[in-house]
Number of protein chains: 2
Amino acid sequence: MTQIPAWPAQLDTPYLLIDEAKLKRNIDRLQSHIKAQGSQLRPHLKTLRTLEAADYLLPGKNAPATVSTLAEAEAYANAGYTDLLYAVGIAPAKLARVAQLRQQGISLHILLDTPEQATAVVNFAELHQQDFSVLIEIDSDDHRGGIKPDASQLVTIAAQLGSHFSGLMTHAGGSYGCSTPAALQTFAQQECDAIRQARQRLAEAGIDCPITSVGSTPTAHFGTDFNDISEVRAGVFTTFDLVMKNIGVCTMDDIAMSVVTTVIGYNKEKHWLLTDSGWMAVSRDRGTANQAVDYNYGQVCRLDGTVINGLTLTGTSQEHGVIELPQDYAAGDFAVDDFAIGTQLRILPNHACATAAMHPVYHILKSDNSHEQWQRIIGW
Amino acid sequence: MTQIPAWPAQLDTPYLLIDEAKLKRNIDRLQSHIKAQGSQLRPHLKTLRTLEAADYLLPGKNAPATVSTLAEAEAYANAGYTDLLYAVGIAPAKLARVAQLRQQGISLHILLDTPEQATAVVNFAELHQQDFSVLIEIDSDDHRGGIKPDASQLVTIAAQLGSHFSGLMTHAGGSYGCSTPAALQTFAQQECDAIRQARQRLAEAGIDCPITSVGSTPTAHFGTDFNDISEVRAGVFTTFDLVMKNIGVCTMDDIAMSVVTTVIGYNKEKHWLLTDSGWMAVSRDRGTANQAVDYNYGQVCRLDGTVINGLTLTGTSQEHGVIELPQDYAAGDFAVDDFAIGTQLRILPNHACATAAMHPVYHILKSDNSHEQWQRIIGW
């Protein structure tokens, strides 16, 4: 049995627990890897969205970081961070908030992939005498946004942006569908090759490209060719989760986030435990549903973190969870009676970003066993 | 085209919009129905979790209400509400917070279905000279928690609770699997019959049962036999959603909740619009996935609320949504060019409880076209 202090058993459940030692280990691992491959990390802060997590992820206030909302950009800017990429295609109506941050001295980079957005940026810039820093999104895996590296619009949009153009960005979200190192390396290579092709075309048109940004958690860990890429992004690696375990980016032991829950009932005929971990606590995310191992709504562990093989959070409603015990428990597995009312358990999440999003406060189990609370930055 | 005021187009997206006129209409409809059937409503406040919504749902501060967390109970108690049912099986560790509220004069009822929980209640009561009001959960549809009305434990637990016993409660969550009025009426009848059978057994044992509580949104609307049932519970009916529309409890026009989003990109080859409504805004809930009509992540409407038939939010990532236009749009449907960058749309939710849970603030479109903001009560 792992030794844990007394305080995790004394808090009201459900709550989100983060294991600081694992968090640090995950961050150190990726930072070392990216540095060894000749690039730098621009971590995505969207998973944990707290000022404290940024302290762990960023070596200093001027280190590059990625955010998913302007609310995050504003919160990190107010805390002194100065180099932020808002990695969602810019809506023209949001340019005023972007300009506000840039006027405060924040190097806030924005993203776009259409001539219409570029026109909006250029018009706003002219009207308000405002400079912007814009990355063009490149589609390297046919997954979501971006334009293809060989698309004619690439040079047109970059030229249209003129001095506001800063570089290229791609995100291989398609890598989430992989489960072998070879496939993940291929996606990582694809990201870099797409950026290189686009950069070459811009160079031929006389357009400089200071920022080249690639990454997703799987490709960041499996890429080995970042030497001429200025930065690599990744987000969920901070705590990892069951989806990443299934993809093969981490082990179960690396997962630094769990939801602590209490057994509040049972149904012996059905071999069910009822818990207070509904989807309000674990989220509705079923990210492992189509993977090799389906963990339903999460992997069940003892309060000390020991994984209970074969037990998952089978179902959820708003504030109720159901853990269905194996039907052959009479033959030596677990019986309902092994989990008394009041027993506390931990649930490892399918998708850490989605689970964290359900919690306004996180409870941190520090390496010295002390307890810390982090407040999530909320809203858009 | 419906007339809407200017302000909804001026807020930053994504945000949650509630149509006050529809909210009122939905509440009036169910209150009238339950009253006509000889019972009273104990609305579940868990869908909207705001003080303002409670004002609409409850005729007065001492009107009965249901909550899903002690955090809600504490917030409503502080606002002056005095009759609250915490409708999740009680964890022994939470009795201290329950006692605290009861000492403040709140008639807070709790729920349980095991002898172990009853023992914990009785022991706490004796140790702290504290009275409780306990409902026993009855399983009327083999769905989640509760004991069967003919189970021997029923009388044992009620006797064990003694003066702390207040009555019986059941929730036909299984009714969510129905889609015909006849099936919904059957579930409603089952709820009442299970409670009547349990009450009769208690009466034979000389135990009085002042509170009899049944309900779910579908059964509350389709039940016609509440005359000897003291109260009926329902939650999601306040705003309804696509799941309820598929079940047949409401029409599309009754849905009072939507997420307002902006078009932030497109992919013409794939006939995709990209929006800023990711799962952070609409939730990961795919409640319509196994229903007759699958709305993916929600039904797309124009900003004025007009439903765009055939358009759904096809996919989501954290802060991105994808709306896939019909592949035959060339034949007369919609083309990507019909939705310029910056166009605002509304997404009707699969599951209003889950979508509301993603938003710390709701924006209310009042009947007089004015704008109000409601703060969600958060945490456990």
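**Loops, sheets and helices**

Mentor: Start with A:N296, which sits in the loop between α10 (279-282) and β11 (299-302) of chain A. Helices (H or I, at least four residues) and strands (E, at least two) are DSSP runs, numbered from the N terminus.
Trainee: OK, what's the phi of A:N296 near?
Mentor: Near 55°, a positive value in a residue other than glycine. Some ground rules: residues are numbered from 1 along each chain as its sequence is written, while chains are lettered from A and ligands numbered from 1 in the order in which they are written. This is a predicted model, where local features need pLDDT of at least 70, side-chain atom pairs count only at pLDDT 80 or more, and totals for chains, interfaces and linings use all residues; side-chain values use heavy atoms, with hydrogens and water left out.
Trainee: And in chain B, where does B:H271 lie?
Mentor: In the loop between β9 (257-267) and β10 (272-275) of chain B. B:H271 has a positive phi of about 60°, although it is not a glycine.
Trainee: Is B:H271 buried or exposed?
Mentor: B:H271 counts as buried because its relative accessibility is 11%. Buried means under 20% relative accessible area, exposed over 50%, partly exposed in between (1.4 Å probe, protein chains only).
Trainee: New topic: which residues does the cis peptide bond in chain A join?
Mentor: A:T13 and A:P14, with omega about -5°. A:P14 is in the segment before β1 (15-19) of chain A. In chain B, a cis peptide bond joins B:T13 and B:P14, again with omega about -5°.
Trainee: Now the sheet in chain B. What's the strand order?
Mentor: It's an open sheet of seven strands, β2-β3-β4-β5-β6-β7-β8, with parallel pairing. Two strands pair if DSSP finds at least two bridges between them. At the edges are β2 (64-67) and β8 (231-232) of chain B, each with a single partner strand, so one side of each has no neighbour in the sheet.
Trainee: How many bridges join β5 to β6 in chain B?
Mentor: Five, between residues 133-138 and residues 165-170. B:L135, for instance, stands opposite B:G167 in β6(B).
Trainee: Which strands does helix α3 of chain B lie across?
Mentor: α3 (residues 70-78) lies across β2, β3 (83-89) and β4 (107-112) of chain B, at about 175° to β3(B). Axes are lines fitted to C-alpha atoms, for helices over the stretch in contact, and angles run from 0 to 180 degrees between N-to-C directions.
Trainee: How do α3(B) and α4(B) cross?
Mentor: Their axes come within 11 Å and cross at roughly 15°, with α4 being residues 95-103 of chain B. That makes α3(B) roughly parallel to α4(B); angles under 35 degrees count as roughly parallel, over 145 as roughly antiparallel, 65 to 115 as roughly perpendicular and the rest as oblique. On the α3(B) side the contact involves B:L70, B:A71, B:A73, B:E74 and B:A77, and on the α4(B) side B:R97, B:V98 and B:L101. Contact means heavy atoms within 4.5 Å.
Trainee: Last one: where is B:Q117?
Mentor: In helix α5 (residues 115-128) of chain B. B:Q117 counts as buried, because its relative accessibility is 1%. Leaving aside neighbours within four places in sequence, its contacts include A:I264 and A:I341, plus B:G89 and B:I90.
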